[in-house]
Each structure stands twice: as C-alpha cells, then as structure tokens.
Amino acid sequence: GADLVLLSVPSRAMDAICQALAKVLAPNVALLSTTKGIRSEGFQLMSQIIGQRLPSHPVGVLSGPNLAHEIATRHLTASVVASQSPQVRQLAREAFATKYFRLYSSEDLISVELGGALKNIYAIAAGLADGLGVGQNTKALLITRALAEMSRLSAHMGGNPLSFLGLAGVGDLYVTSVSPLSRNFRIGQALAQGHSLESAESNLGQVAEGVNTLRVVYEQCQRDDIAMPILTALYEVIFGGKPVRQTALQMMQAAHTSDVEFLMPGANSAL
C-alpha cells in the first residue's frame, strides 16, 4: 500500500473526502494536503479538518510560490512541506524531489497553510493596484503591509510570524501578487478595469480562490477584532461596492504603527 497520500481537492470537499478515506486507508498512512482554503464553519484550516476526520494519520501541508504552468515547464521551483511529523516531511521530500523542484521543511502548519490561503486575497488587491496604474512604491507598500496582516492573523491563531519570511510567506505572496499567471491577480486587474466580480470570474474561466477566502477571513477578523485594513478595504470594494481609490485613500489615513510590529509589541497595529 501507499506510504503517503496526496490530498488535492476543493476545500469544500475535504470533509467528505476524509470521511470516505477513513473506510479504506491503512493505519498510519501519511497524508499531505495541497488544498488552499479555509472552512467558514469554525474557521478551520484543511489540516485541522483532516486531523479531526483521520486522527490516526500524520498530516502535513505543501505550499509555496508554485505557479502550475512554470512547474509543468520545469522552471526551477521550491516549496515548503509543513508537518509536526518528521515522517511526513521525509516522505514528501523523497516523493517530490527532482532536478527542478525542491522541498524545504517547516513544523509551522498554521503559518504555512494560512500563507497559501491568504496570499490569494492580497493577489486580488495587487491586481487591482496594477490595473489602476499605481507606482512601484505603492506596490511595495501593498505587498509589505499585506505580509504584516498575514503574520498578525497567524500569530493570533498560534502560528509563528517568522515563518512568513520564508517561501510560504514572502515567496508565495510575491509571485501571486505580480504574475499574470495568477488567477487572483487577473481578477483584481479585471475589477480595476470596471468589470463586475461575476464578469471577471466568468471571463477568467477558472476558480479564483481569493474571493471566497476574503469573505471567510473578513468575517472571522471582525469577530476576533483583528486589524486587517487592506483585507477590510478589499472586502468593502468587492462586496460593499465602495470606490477603489477613495477606499485606498482612507486606508492610508489610518493610525500610524510600527514597521515590524513583532519587534515593537506595544505598538498600534491598525495599519
């Protein structure tokens, strides 16, 4: 039988897939998820759903700056396998290692998995900014402050914000926020050009995970009172119909804060 099973399914199907696997998987088979998403009920990550449904199996996640087209054409690529289990990390490295694809290891499932889900939200914001013709300074501001928001939510959930300095944080956020191959980036560009969300998604012809994740994360951050000004502004633009430029200006006028708030724990984290 298999030593490692890869779970690459839509996030909404993960619970049902795990229930089906429980009937056929041999004990202690390692499970590795590549699914990007967060379940709204209970605000659960995919690894948490898998752990609940298949508690006797070690679980890991794979995430990083991995544009499928570039991997298929064998561009040099790296990713992160995160798991509390050394067995999962080792099996994943052995299964995926090639001359053009390399895996690095982490024990921080929360941050690595959150990075894979949240970057899709900020890629939409980056596409919006690009479509509006903003300068490079603005793009740098957007990506850097997006990283701060991602780290803030991860720390709130028990993750290590330092994990976002790696491939699953900076790396994945960067490539998803600048590449025309990124579905979520293209959604943002279309919105900036005046398309409705429905029209943008229809023209794309593919699933842009960031739209649904935006709604789920926004609602959770409202409940937990976590300051996420870029995410909030994007939510107000997409679901509240607010004008993009005006909303961005309001965000820039928010309270000042530290650059790296985890180095200044007492600082205001409003922006």
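I began with a term: buried area is the accessible area (1.4 Å probe) that two parts lose on being put together, summed over both. I noted that this is a predicted model, where local features need pLDDT of at least 70 and side-chain atom pairs count only at pLDDT 80 or more, while totals for chains, interfaces and linings use all residues. Residues are numbered from 1 along each chain as its sequence is written, and side-chain values use heavy atoms, leaving out hydrogens and water.

**Entry 1: the parts.** I looked up the domain assignment, which is automatic or from a database, and found domain 1 (4–108) and domain 2 (110–253). Their C-alpha centres are 23 Å apart. Each domain brings 24 residues to the contact (heavy atoms within 4.5 Å).

**Entry 2: the area.** I read about 2,000 Å² buried between domain 1 and domain 2, with 71% of that from carbon and sulfur atoms. On the domain 1 side, F43, L67 and D108 supply 34% of the area buried against domain 2, more than any other three residues.

**Entry 3: the charges.** How many salt bridges cross the interface of domain 1 and domain 2? I got zero, counting a side-chain nitrogen of Lys or Arg within 4 Å of a carboxyl oxygen of Asp or Glu.

**Entry 4: the elements.** I then checked strands (DSSP E runs of at least two residues, numbered from the N terminus). β6 (77–83) is among the elements that each supply at least two residues to the side of domain 1 touching domain 2, and β6 gives the most, with four residues.
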